[in-house]
Amino acid sequence: MLCSSDVEYIQDKIGRKLTDLEAACFENLWSEHCSYRSTKKLLRTMPTTGKNVLLGPGDDAAIVAFSDDIAIAIGMESHNHPSYVDPYDGSATGVGGIVRDIISMGSRPIALMDPLYFGDLKGEKNRYLFEHVIAGVGDYGNCIGVPVVRGELTFDENYSGNPLVNVVCVGVVSPDKYLTARVKTPKSRLLLYGSSTGRDGLGGASFASRDLSEDAEAADRPAVQVGDPYTEKLLIEATMEMTATGKVLSCRDLGAAGLAGASSEMSSSFGARIEADKVHLRESGMNEVEIMLAESQERMLIEVMPQDIPLMTSIIEKYDLKWSDIGEVIEEPRYIVTFKGKTVCDLPIDLLVGGNPEESWPAKSYSAETAYKKPTADIKELCRLIISHPDIASKEWVYRQYDSDVQLRTVSKEGGAACVKLGDAGLYLSCGCCPRQIALKPYEGSANTVYENAANLAAMGAEPLCVVDCLNFASPVHEEIFWQIAECVRGMGDMCRRLDVPVVGGNVSLYNESDELKTRILPTPSIGMAGKGVVRKFVKPAAGMKLGILGETKEEYGGSMLDLVTKCGGAAPSIPDVSVLKEVRGLVNDGIVKSASDISRGGLIGTLASFAPQCGIDVSGTKAGAFAELFSESYGRFLVAYEGAAPKGVREIGTVGGDSMTIKADGTTVTIPKSEMDEWYNSTTALMRF
Amino acid sequence: MRFAVLQFGGSNCDRDALHVASDVCGVDTDLVWYKDGLKKNYDAVILPGGFSYGDYLRAGAIAARAPIMADVVKHADAGGLVLGICNGAQIGAEAKLVPGVFTMNEYPKFICKGVYLKVLNNTSPFTNRFRLGEVIKIPIAHKEGRYIASPEDLSRLEAENKIAFKFCDEKGNVDAASNPNGCTDNITGVLGGCKDNVLLMMPHPERASEEHLISTDGMKVFDSMIHYLESKGE
């Protein structure tokens, strides 16, 4: 329901009572999901421009120049609430939604990434959510033929009752041929095509902007949409073929707030008159509110001149899709809907789109770091706890379910960032964030999230081009949560400025808390980063190569894997000196370093588990101490492999190879035989499959 | 020489197959929309991977009954080459171009993985550029890719040397550990037609045909087809 202060505000502006449809339009378009009413002021502080940014935030997706003849379209969205209520369809339609954002730019989708956050896998419900979210993402992405090339997984009890499904999609388009979602001229027609409209997903935008209440599953089922990837694939091909004619003036996908959202936002540069009776429906007896607000999936809207309608509809029909000519763009800045001969909505379009009062919440800072207590367990046991934790353990059970090779561009999926061949260069993709550290120090943690993704790229020799984000938080009505949000935006913005990387798009997902389980999610400003470098495949270092660390280790355990498994507390990582990024790019691109990985989650131990699980290292007598070398998660460090003498600035710690991992640390020697390492590292596969 | 790559609604490796046939191998290749029928004489028809009709009912079941498949069967009966890859193999099996079916993986999830294959026939139009017993690396990506056939069909396939590829390990051992989907006898590439002019395979040779990809072993499937057609023409 629209809150009473909004109703008063609107009725005061238009001088009369709202119709049912008008009230529903405002409820959805003024929701946090569509209007960013709580966060707009903060978001404006982010750097959004740069020499490569052809189209920044505000459209369905951003357009960023990649080379002279290739631009990328990039967007990121969350589909959190639906994925708790119905994990398979919720996550599948999350993929569908962001893919349509990319195709509505006239761009062919070429890659997906999915940073996901779940509750502890010890819980049966969490395993169910995990299994079905992965299946939903996989089945949808596989069917439409867009490879999932990268992802991230975080498991923490704070996500029980509120898993997060964030998806990044990247497309390619010619730099001078992309479409936008802004209508170009009055007297043009609006064509709706794709699936027919039914009562599914009614009021999803306002649903997404609420807490999940106790009866979330039962009561909100109708608010979750059901996906049909086959239709989405037809929609991709039809849209590409129509775009190629050069006759599509503008294009928008139907997502949150359905046809009302898409048609009003798209037309806000002029105005629109929509005939709700013209919409092709899949069930009878729908009223104007249902028709205009339903979030039935796989639907798009294009603006075309009346004389081009026959050509467009012949393409739509080639792909067995349905269409309807639902209205026209008008000169007058009004949003008008007629139904059964009556005007059921007639509003100033700029009041409906973007006319909402901004909301300002009080913020209150907190300090959550605790004093560090050194864990009592021995080093080998700590290694076991960290390596077998699903945050660190092999993600093979997940990524095997994704077709990562379709479209023949995927060069490299291992290592910190994926490499996708675009023209003669490599498009590098990385995603995720470090919620437990962010919870302790929102500003530093969010800055480090940006840094860490750039570090993933640097380890492949690549430089960042742009960032997209999903700002997932609990409810901003809590003063400390609003403070978190403000600090995270400030931290991300500052690091993006320091690295000269623009934030070109994203979304905000608030109210991620569960009455049912009394949980609030950790602050999760999850990002997707795209970058560019030479085409390179990540290879694990070969036996006999030397291992070394570039960068300084500090005793920073707060929010680390060690903290998670032992509750040891400690200071969360500080912001590192970012000049190390340039240094490591140089080492990789000059071929001095054969393989590199940034040291982040799980510290050196977590990194070694995937980078060089069989090796011999000695971390005795270092400045930070052996224990910190192994478990601290301070940033600004890379694990590098090389042949011969240690490159300048690199501290040699050991050699790759052997039949175990042997760690010498101040007088103790720990040996982890390969069989034991494999068992720990494959724990997620063992849990989910066997 | 002219190839056709069929496009059903839901095909998603059509452009990949086109790219390899046309840009990498240099063969004139048409994308043919399924509603248009086979209007030209093609030397080879490629049924590409994907999710024709969204895999509704059974993978390949609906596409196999589309009118264009009558053209494809006629083309195969006349000795024309038909290469079915992944969903194309499922469609081909549903259209009875070879005996047996491709059904749900033993572990009923999608599996995307680089795997090794052993070449068991190197005389067919699709495999003549391989060595007999050669171990090649080609990726798979499927959920309904487990090949199953009756014991009678299996012994006939064996006897007539119709098995092109079996899953194996890096060293060429064909065993349960190297079988990713639970298929019968590790079989994943089956020949059909009177001249072995049909090959249905779950692995994706087009995904192993360029330097930046997992290997270039898949190229030899296309090279074999070109070699066969060129020597036939002489």
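**Notebook: the interface of chain A and chain B**

I looked up the area buried between chain B and chain A and found about 2,600 Å², with carbon and sulfur atoms giving 54% of this area. I note that the model is a predicted one. I then asked which three residues supply more than any other three of the area that chain B buries against chain A. They are Tyr107(B), Cys112(B) and His212(B), which supply 23%.

Next I looked up the contacts. On the side of chain B, 30 residues are in contact, and they meet 31 residues of chain A.

I turned to the charged pairs. How many salt bridges are there between chain B and chain A? The count is four. I recorded the salt bridge in which the side chains of Asp139(A) and Lys143(B) meet, at 3.1 Å from N to O.

I then looked up which elements of chain B give two or more residues to the side that touches chain A: helix H1 (14–24), strand S6 (111–119) and strand S7 (135–142). H1(B) provides the largest share of that side, four residues. Sorted by class, the side of chain B that touches chain A holds 14 nonpolar, nine charged and seven polar residues.

Last, I looked up the domains of chain A. The assignment gives domain 1 as 1–30 + 179–354 and domain 2 as 540–690. I noted 51 Å between the centres of domain 1 and domain 2 of chain A, taken over C-alpha atoms.

Note on methods. Residues are numbered from 1 along each chain as its sequence is written. Chains are lettered from A and ligands numbered from 1 in the order in which they are written. This is a predicted model: local features need pLDDT of at least 70, side-chain atom pairs count only at pLDDT 80 or more; totals for chains, interfaces and linings use all residues. Side-chain values use heavy atoms; hydrogens and water are left out. Domain bounds come from an automatic or database domain assignment. Contact means heavy atoms within 4.5 Å. Buried area is the accessible area (1.4 Å probe) that two parts lose on being put together, summed over both. Ala, Val, Leu, Ile, Met, Phe, Trp, Tyr, Cys and Pro count as nonpolar, Asp, Glu, Lys and Arg as charged, and the others, Gly among them, as polar.
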